[in-house]
Amino acid sequence: MNFYMPTRIFSESCCISNHGYELAALGSHALIVTGKNSSKVNGALDDVIAALKQQLTAYTVFDEVEENPSVETVMAARELGVSRNADFVIGIGGGSALDAAKAAALMIKNCDSSWELMYMLSPGSALPVAAVPTTCGTGSEATGVAVLTRHDLKTKVSIKHKIFPQIALIDGKYLMTAPRKIIVNTAVDALAHLIESGVISRDDTYCNMSVFTGLKEWTECRPYIEGSETLDLNAAQKLMNASTLAGISIAQTGTTIPHALSYMLTYEAGIPHGVAVGAFQSRFLKHAPQKRQNAILGALGFKDTDELGEYIAKLAPVYVPRELLERSGKAVMSNKAKIVQCPYPITESVMEDIINI
């Protein structure tokens with residue numbers, strides 16, 4: 001067993017105002033990295049600014065992060081951060097903003113390096129990062145991973161550096177203004193993290209702790225994800241916690257085949273990440289060792305992988321051209337890093353079944 005979680009996680013109502021001191025203690029000038037709209041609508045940006053003002057901490061806002069942020073966007077954030085002498089970074093938003101914040105923290109600290117540093121194994125420390133998630137999907141607040149769009153490669157690629165946030169501030173109230181589509185798509189992403197980590201982790205006691213607690217929290221929120229019950233603050237906090245537990249899980253195990261398959265779908269067909277990665281989960285799980293398959297299905301309340309697949313397809317329907325699925329499958333078959341992560345052999349026939357969505 002090898003469990004590593006360096007992020008200090010606060011999860012509660014009014015989380016940012018309750019922990020403004022810990023947030024401001026990360027430095028003297030914050031670069032706030034976020035998107036154009038959602039953090040303003042849900043109040044997270046105002047809460048962060050208020051907390052920093054109360055602690056007399058300077059800040060600069062970079063609000064240009066797009067969905068599936070690019071290397072170019074990170075470098076633009078770097079330029080702003082360097083020009084304002086930022087010495088820590090706060091990411092506010094979904095996985096896009098949090099991943100961009102991590103990468104920007106690396107590049108500001110290494111301001112004389114080109115963007116290629118992000119994809120080099122050479123040492124490179126980062127500025128301290130704080131994460132304020134406002135969606136219930138990526139778990140980026142509890143991982144060292146940052147995934148960026150590489151237009152030169154026409155896909156999404158994780159940077160080589162592991163950058164865990166120093167602190168994560170998790171408050172369910174930021175979900176309350178999110179469109180239902182965002183809640184569903186990101187919740188499916190969290191489910192994908194839990195399933196993939198649950199399959200990879202085998203019988204690791206500590207990882208099982210986060211996986212199966214996350215599955216329990218996620219399952220209890222199914223009525224809200226499905227839309228049969230109206231989301232309330234208690235359910236929103238549970239959804240956020242399930243997402244963070246999913247992040248803690250993949251921080252230990254990494255992700256594997258479904259995530260690798262999803263990147264080309266998102267880049268070329270514009271399919272949201274949660275939808276793209278969710279589409280492969282039931283068939284990925286079908287080939288897992290029976291013990292793990294039974295444990296995960298039992299925790300979720302499904303009798304078999306077909307029922308799970310039908311459920312995900314109803315929540316997040318998707319059409320992918322066969323040609324794109326086949327190209328993605330071939331690309332993953334050549335990706336040794338992702339193949340070796342899978343706990344069962346990925347033959348061509350197995351891959352053919354997994355992409356048969």
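1. Basis. The model is predicted, so local features need pLDDT of at least 70 and side-chain atom pairs count only at pLDDT 80 or more, while totals for chains, interfaces and linings use all residues. Residues are numbered from 1 along each chain as its sequence is written, and side-chain values use heavy atoms, with hydrogens and water left out.

2. Overall fold. The chain has 18 helices and 8 strands. Its radius of gyration is 19 Å, close to the 21 Å that the globule rule gives for 357 residues, so the chain is as compact as a globular protein of that length. The radius is taken over C-alpha atoms, and the globule rule is 2.2 Å times the number of residues to the power 0.38. Along the principal axes, the C-alpha atoms fill a box of roughly 55 × 45 × 40 Å. Helices (H or I, at least four residues) and strands (E, at least two) are DSSP runs, numbered from the N terminus.

3. Of the 357 residues in the chain, 57% are buried. Buried means under 20% relative accessible area, exposed over 50%, and partly exposed in between, with a 1.4 Å probe and protein chains only. The chain exposes about 14,700 Å², and carbon and sulfur atoms supply 53% of that area. Accessible areas come from the Shrake-Rupley method with a 1.4 Å probe; for residues, only the protein chains shown count as cover. Among contacts (heavy atoms within 4.5 Å) between residues at least 6 apart in sequence, 78% join residues at least 24 apart.

4. Helix α4. The buried residues of α4 are A44, L45, V48, I49, A51 and L52. Seen down the axis of α4, these fall within an arc of 160°, so they line one face of the helix. The arc is that of the directions from the helix axis to the C-beta atoms. D46, K53 and Q54 are exposed on the other side of α4. After the helix comes L56, whose phi is positive, near 60°.

5. Helix α14. In α14 (residues 290-300), R292, Q293, I296, L297 and L300 are buried. They cover an arc of only 125° around the axis, which puts them on the same side of α14. The elements that cover these buried residues include α7, α8, α9 (222-226), α13 (281-286) and α15 (305-315). K291 and G298 are exposed on the face of α14 turned away from its buried side. G301 follows α14 and has a positive phi, near 85°.

6. Side chains of opposite charge can pair when their charged atoms come close. A salt bridge is here a side-chain nitrogen of Lys or Arg within 4 Å of a carboxyl oxygen of Asp or Glu, and by this rule the count comes to 15. One of them joins D47 and K173, with the closest N and O atoms 3.1 Å apart. D47 lies in helix α4 (residues 44-54) and K173 in the loop between β8 (167-170) and α7 (180-200), so the pair ties together parts that are 126 residues apart in sequence. D47 is partly exposed, at 24% relative accessible area, and K173 is partly exposed at 31%.

7. Salt bridge between K238 and E217. The side chains of K238 and E217 meet in a salt bridge of 3.0 Å, N to O. K238 is in helix α10 (residues 233-253) and E217 in helix α8, so the pair ties together parts that are 21 residues apart in sequence. K238 is partly exposed, with a relative accessible area of 23%, whereas E217 is buried at 13%. Both residues belong to a network of salt bridges that links K216, E217, E220 and K238.

8. E323 and R327 form a salt bridge whose closest N and O atoms are 2.4 Å apart. The two are 4 residues apart in helix α16 (residues 322-333), separated by about one helical turn. E323 is partly exposed at 45%, and R327 is partly exposed at 32%.

9. Surface patch. M1, Y206 and M209 make a nonpolar surface patch of about 360 Å². Patches are made of residues with over 30% relative accessible area and no salt bridge: like charges are joined within 9 Å, nonpolar side chains (Val, Leu, Ile, Met, Phe, Trp, Tyr) within 5 Å. M209 is in helix α8 (residues 205-220) and counts as partly exposed, at 46% relative accessibility.
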